[in-house]
Amino acid sequence: MNKRLLYSLVLSGAIRYFISISKYSKSIENHVEVSTPLNSFKRLKEGVFLYNNGIDPYIGDIFHENPFILITASFLLNNFADFISLIFIFVDLVTAVFIFYGTKGISKKNFKKQQLEVSTYAEGTEEIQFNESDINNVPFYCALAYLFNPYSILNCVGQTTTVWSNLILSLMVYALSKELKLLCLILLALETQRNFYPFILIVPIALAFSENSKSKNINRLMTILLFAGIFGGLNYLAFIQMSSWKFIDSTYGFIIHCRDLTPNIGLFWYFFTEMFDHFRQLFLYTFQLNTTILYLFPLTLTFKESPEFLLTILLSLITIFSSYPCIGAIAFYMSLIPLWKRVSPFMSHNFIVMTTFLVTSILGPTVYHLWMYANSANANFYFGVTLVFSTSQIFLLTDLCFAYLKRKFCLSHGVSFDKTMKLSLE
Amino acid sequence: MDIKLILQVILFFVYPLTCLCNDIELPTKYVENSAGHTNNWAVLVDTSRFWFNYRHVANVLSIYRSVKRLGIPDSQIILMIAEDMACNPRNPRPATVFNNVNQNINVYGDDVEVDYRGYEVTVENFVRLLTGRVQNGTARSKKLLTDPGSNVLIYLTGHGGEGFLKFQDSEEITSQELADAIEQMWQKQRYHELFFMIDTCQAASMYEKFYSPNILAVASSLVGEDSLSHHVDPAIGVYIIDRYTYYALEFLEKVQPNSKSTMGEFLTVCPKRVCISTVGIRRDLYPKDPNSVPITNFFGSVRPIEITSQVVNVSLPLIMEETESDVVVKLQKGFTYSDLKIKFNEQFPTNLFK
Amino acid sequence: MKKIEFLLIIVISLNLTNAKYHNNVFSEELVIKELNNNFVNTYFQFTTQWNFKTNENDLLHTDLLSRSISELFLHYDIIELHVTLSNGLWKHEFWGFPVDSSGSGAELYVWFKNHLSQEEIKRQWIELSEALSGLLCASFSFVEETNTISPHYSYRPTSSWNVPLNSSFIRYAALPREVVCTENLTPWKKLLPCDPQEGFMSLLNAQYIYSTNFHSLGIHVRQLCIDKTCSNAILESKQTVNLVHDLKLFGGSEWSIRKLFGQGLNGACSVSSSSKIYLDITDKDFEISPKPLNIITSKKGGSETTYGEYDVKKWTGTGINKMINIAIVNKKHKTIPITNPPPLFAKRFLQGTGKERGKIVNQITNSHWSNLNLVVMENFPWFVPIYLHTLKLRVGNKEIKATAIKYIPGEQRKRAYHLEVAFSIPAKTTVEMSIEFDYIFLRWQEYPPDANHGQYIPSSVISTMLPIALNYTSLPIEASLYVESFNATRSSYFLRIHTEALLINLPTPDFSMPYNVICLACTVVALAFGPLHNMTTKRLVLQKKEEAKKTFLGKLKDKLFKKKEKPE
């Protein structure tokens with residue numbers, strides 16, 4: 001294993017460990033930015049407790065994880081209750097390792113792909129082309145972005161099930177880069193079971209696996225059907241395990257209908273708190289369509305030559321617009337952004353985005369505390385901060401897309417053009 | 001005589017059928033005497049919550065007291081009060097609501113039935129009540145069971161603005177909604193004549209949209225005016241009654257069930273010099289001259305009575321009397337259930353702890 | 001012709017009531033007991049017992065029993081009905097046990113006949129609560145599926161209905177917010193066969209009742225089958241009033257009936273078969289005027305109570321003495337009574353700061369010298385999600401195990417959290433039962449109009465079997481009158497007590513914001529939609545920069561420079 005990766009693993013593992021044994025770990029776990037109704041460790045424990053005591057956890061209002069997580073957690077909590085925080089740290093580090101190898105594979109693939117096309121590129125574009133050294137550097141940056149991202153550290157210390165999600169996603173990225181189709185689809189199905197939204201990732205995955213095949217459309221269709229089959233099979237397995245279909249409503253239904261309005265960093269909670277009852281359904285479905293399939297087809301058509309880029313964009317989209325977003329999921333999509341290092345020169349909002357991230361990350365918990373504990377602020381303050389936070393994520397996302405398009409344009413047209421000229425969309 | 005008897009017998013069997021169908025036919029002479037008005041109902045609503053709105057509860061209870069005193073029974077008064085003032089911990093004299101600092105009249109009284117109270121006082125419940133579209137299973141005392149012969153008094157008090165009246169600080173009814181609800185009442189033949197009374201700021205705006213016939217409306221203030229409260233009780237710490245209702249009660253206290261006062265006199269209650277606001281009156285929908293309508297047509301329940309000196313022979317149907325031998329045990333002073341060998345369940349799950 | 005019809009109606013109804021032989025008795029009882037610290041407890045019980053045939057017609061033709069009550073039994077297929085409306089807090093630790101414990105606010109529970117399906121019960125229950133809402137002027141219309149539970153261990157039928165026990169036929173709901181005032185007392189009085197100005201009812205004056213520290217109105221009706229097929233049954237209706245008067249309000253520790261109720265007693269109710277006052281004179285240090293005609297000593301479960309009995313029916317006062325006014329005079333104050341706390345009492349409170357996470361704690365003390373087995377029932381509204389794994393039963397730092405737990409998790413807007421915990425509490429200890437919950441955020445239209453007042457959590461119900469009858473005043477299950485509880489020694493005594501209701505302050509949204517929030521959130525969505533739409537539907541082209549499309553800063557710079565240039 002790469003030496004510098006090893007060092008960073010040890011260092012970040014130590015950071016996680018020391019924070020988790022400090023007195024702050026409990027309050028981190030309790031923060032709404034870290035724990036949502038969907039991923040909180042306390043709710044997981046409650047679900048396991050009910051399950052072990054013969055009460056169906058899905059008839060209640062507390063537990064919304066899928067049955068596989070329930071069984072895994074039940075096993076872990078019953079046998080390794082004292083090592084839970086170590087297990088979480090280990091899982092998080094493994095995630096980073098898979099991110100490293102997954103992004104390495106993608107970088108290699110990008111580089112190979114580029115070599116086929118490099119003859120068509122304009123002169124003087126070396127600066128923005130994938131470089132051979134990138135194959136070693138970029139994965140490391142990606143792993144670093146995950147290991148030392150305060151969001152992922154807090155997520156790991158907060159022991160949310162998003163840590164598991166991230167592991168599944170990183171494994172999926174790894175399987176994608178190694179072209180392990182079945183594994184990739186199983187992992188995607190598992191993650192869809194947990195979080196529902198990731199099902200749209202089947203599109204970039206189907207694109208990626210069809211790249212070298214002759215009859216692309218049939219291949220894609222087969223991939224999607226295979227995914228649907230696996231997903232259905234998994235749900236059936238879960239049904240056999242729980243011997244009731246109640247979990248469907250308690251997991252997917254809970255996400256789609258946004259039943260819990262506990263504040264979080266997303267857009268849903270206050271919007272649906274203040275929504276008029278007769279418009280609730282309309283807006284609920286509009287928002288869920290917005291998160292899932294509204295952008296799916298246009299983005300697919302635009303970025304179809306790079307499924308991995310599409311994957312990054314879709315991941316960040318579903319994170320921003322999901323009903324119960326948390327910072328752990330943000331940490332994951334952020335760790336994929338260094339993959340597009342060669343795109344970054346075209347990004348123009350970096351400063352604004354980073355500053356708002358910084359400011360809102362500090363301001364959010366502050367106004368939340370003022371509202372809940374000091375009684376000197378109200379819901380509007382926290383809502384304002386989460387709005388700005390979402391906006392900055394949206395800026396990051398759109399900036400990245402636009403930068404990608406600009407880079408593509410420049411690769412074929414050259415980077416140096418008249419100062420009076422400007423790239424714009426028409 | 002024989003024919004009469006046969007008729008009676010027939011009627012005895014037909015009676016359940018006439019009960020089932022809804023159109024209530026009344027003796028013609030009775031109807032003629034009353035000019036279509038056979039019964040009285042009152043809907044009295046206080047829409048304000050919170051202690052500082054004590055005066056609104058006093059307002060509505062003042063009217064409640066008067067209509068009850070003048071003969072409308074509790075079963076025909078629908079009283080809606082959004083907050084409990086009488087037993088409020090802040091009330092230094094529990095179970096009383098006074099209209100006056102001198103504690104002249106306890107408008108709450110010892111015999112009061114509140115039909116809708118607290119959170120039940122909502123726009124939805126109010127409109128459902130008026131239009132008769134109550135939910136299944138609603139108790140009889142919570143329904144306005146009026147018919148084409150009913151004179152209905154509607155009294156509203158609370159905080160209002162131009163064209164709306166607030167309910168409990170969380171929702172409001174607009175004048176248009178109210179007018180439509182009343183039109184629905186008219187179309188469903190739920191009233192004969194309607195007297196609408198409202199004591200709130202800009203009160204006249206609430207009756208401006210009315211378009212149904214036979215409505216006489218009076219409001220404590222015109223559009224653009226505030227309705228003012230009368231005086232503070234220092235022991236209670238808040239204003240205890242509004243001016244308009246205070247003077248209306250003063251007037252009504254002098255009215256007796258047999259009095260000859262007319263609605264016209266009532267409409268002159270609270271002139272501007274005492275009320276400060278101008279009392280608004282709308283009579284274009286009302287075909288009669290208020291000066292010839294007795295006040296008890298709306299505030300009382302005075303009915304025309306036909307006295308007969310004839311003997312009416314009604315033969316009693318025979319009903320089998322139960323014999324004492326049917327009774328297993330004669331319940332009397334000092335009997336116990338163990339005499340009857342009644343078995344009871346164990347009250348505690350003792351076997352859980354074994 | 002129509003006139004005759006009207007007449008007939010009157011005649012028919014007269015006929016039916018008169019012709020029937022009615023087998024029923026009505027008794028009124030008043031129990032007065034001095035409590036510690038200058039409090040007096042008065043307990044009224046009006047009992048009607050009626051033997052009837054369980055066919056439909058019989059229930060419609062009542063005599064002493066109110067037809068409103070018998071109709072409930074007829075229409076809603078119930079065999080047992082309990083309604084209480086209380087305000088204030090009964091302090092078990094100082095006052096001992098009440099005859100009839102009730103939760104704060106309104107409490108309602110009903111046993112249905114077991115031939116009903118669960119669907120039918122669901123419907124009947126809602127309709128019954130609507131009917132009661134009209135009958136008692138209380139907000140029972142707020143009893144819904146969402147705040148109803150079926151107690152599993154804590155409640156057992158007190159009626160006898162010859163069928164196996166099944167807790168799916170009971171429905172229980174509590175409305176802790178409910179206020180109780182004259183408007184409830186008025187219809188409550190109308191259910192009794194007496195004139196309100198006659199008998200013990202004449203003592204129930206609203207002004208005096210509602211200035212007490214604790215007041216509770218109750219209606220308890222049960223059906224008791226006499227034969228196997230239950231064709232012959234007794235309907236027993238107990239209407240109770242339980243009051244705790246604060247003697248400080250009357251300026252001193254001496255009191256009389258006139259002081260407590262504003263007037264003396266003017267005799268017995270004319271239809272009552274017995275009408276008695278029992279004055280607790282155990283260890284008395286006062287004189288009573290007039291002296292009781294009869295002294296009763298009741299020994300049960302190791303405690304002895306002495307009552308002075310007044311038979312109002314036999315009262316033969318004349319003139320000014322015509323009104324019965326029992327007065328306590330010449331208090332000696334020589335002895336300061338040392339009263340033992342009752343065997344079991346409980347406190348309940350909230351722990352934690354902020355509006356995010358909290359803990360509900362029940363502190364239950366067993367002051368008896370042996371273990372007590374008890375069941376605690378909690379009924380949390382759907383907006384108080386609890387975590388069962390945080391349920392802790394602690395004696396000091398030691399945890400004890402629950403014997404049995406019945407838990408039905410709640411569901412938002414659908415079902416309340418129903419928790420019953422059975423455990424054994426060691427002798428002379430205090431058990432702290434705690435459970436954590438979250439404060440949740442509701443939709444803005446779900447908050448009550450006074451959202452910042454907070455929301456109530458109903459009282460928890462503690463049931464136990466006491467081995468001794470110290471401070472125990474409840475009636476045995478087979479008794480109907482208070483007098484039957486005298487000398488009623490049993491092997492153990494069933495006790496049910498209620499704890500405090502709690503008030504929690506849920507976080508509130510800004511109620512004036514809906515339009516703003518909808519606009520702002522949609523704007524943010526549009527911020528993503530706009531650029532993504534442009535990028536995916538348009539092509540990138542090189543364009544000549546237009547002067548007009550300068551940035552704001554550029555424009556500002558230009559303006560500044562131009563201004564500088566002008567003077568040159």
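This tour goes through a predicted model, starting at an interface and ending at an annotated site.

**Stop 1: chains A and C.** Select both chains and bring up their contacts: 54 residues of chain A touch 47 residues of chain C. On the chain A side, the elements that each supply at least two residues are α3 (41–52), α13 (268–273), α15 (296–302), α19 (379–413) and β1 (421–425). Colour α19(A) next, as this helix gives the most to that side, with 13 residues. Colouring the chain A side by class instead, you get 31 nonpolar, 13 polar and 10 charged residues.

Stop 2: Now pick β1(A) together with β26 of chain C (residues 540–544); the two pair in the antiparallel sense over five bridges. Zoom in on A:Lys422, whose bridge partner in β26(C) is C:Gln543.

Stop 3: Which residues does UniProt mark as "active site"? Select B:His159 and B:Cys201, and bear in mind that the entry is unreviewed. They are spread over 43 residues of sequence, yet cluster in space, with a largest C-alpha distance of 6.5 Å.

Start with B:His159, in the loop between β4 (150–157) and β5 (160–161) of chain B. It has 18 other C-beta atoms within 10 Å, so B:His159 is partly exposed. Beyond its sequence neighbours within four places, B:His159 contacts B:Ser48, B:Lys166, B:Thr200 and B:Cys201.

Then hop to B:Cys201, in the loop between β8 (193–199) and α6 (204–207) of chain B. B:Cys201 counts as buried because it has 20 C-beta neighbours inside 10 Å. Leaving aside neighbours within four places in sequence, its contacts include B:Gly160, B:Ser221 and B:Asp226.

Terms used. Residues numbered from 1 in each chain as written. Chains lettered and ligands numbered in written order. Predicted model: local features only at pLDDT ≥ 70, side-chain atom pairs only at ≥ 80, totals over all residues. Contact = placed C-beta atoms within 7 Å. Helix = DSSP H or I, 4+ residues; strand = E, 2+ residues; numbered from the N terminus. Nonpolar A, V, L, I, M, F, W, Y, C, P; charged D, E, K, R; others polar. Pairing = 2+ DSSP bridges. UniProt positions renumbered as here; feature names shortened; annotations may be inferred. Buried ≥ 20, exposed ≤ 12 C-beta atoms within 10 Å, placed from the backbone.
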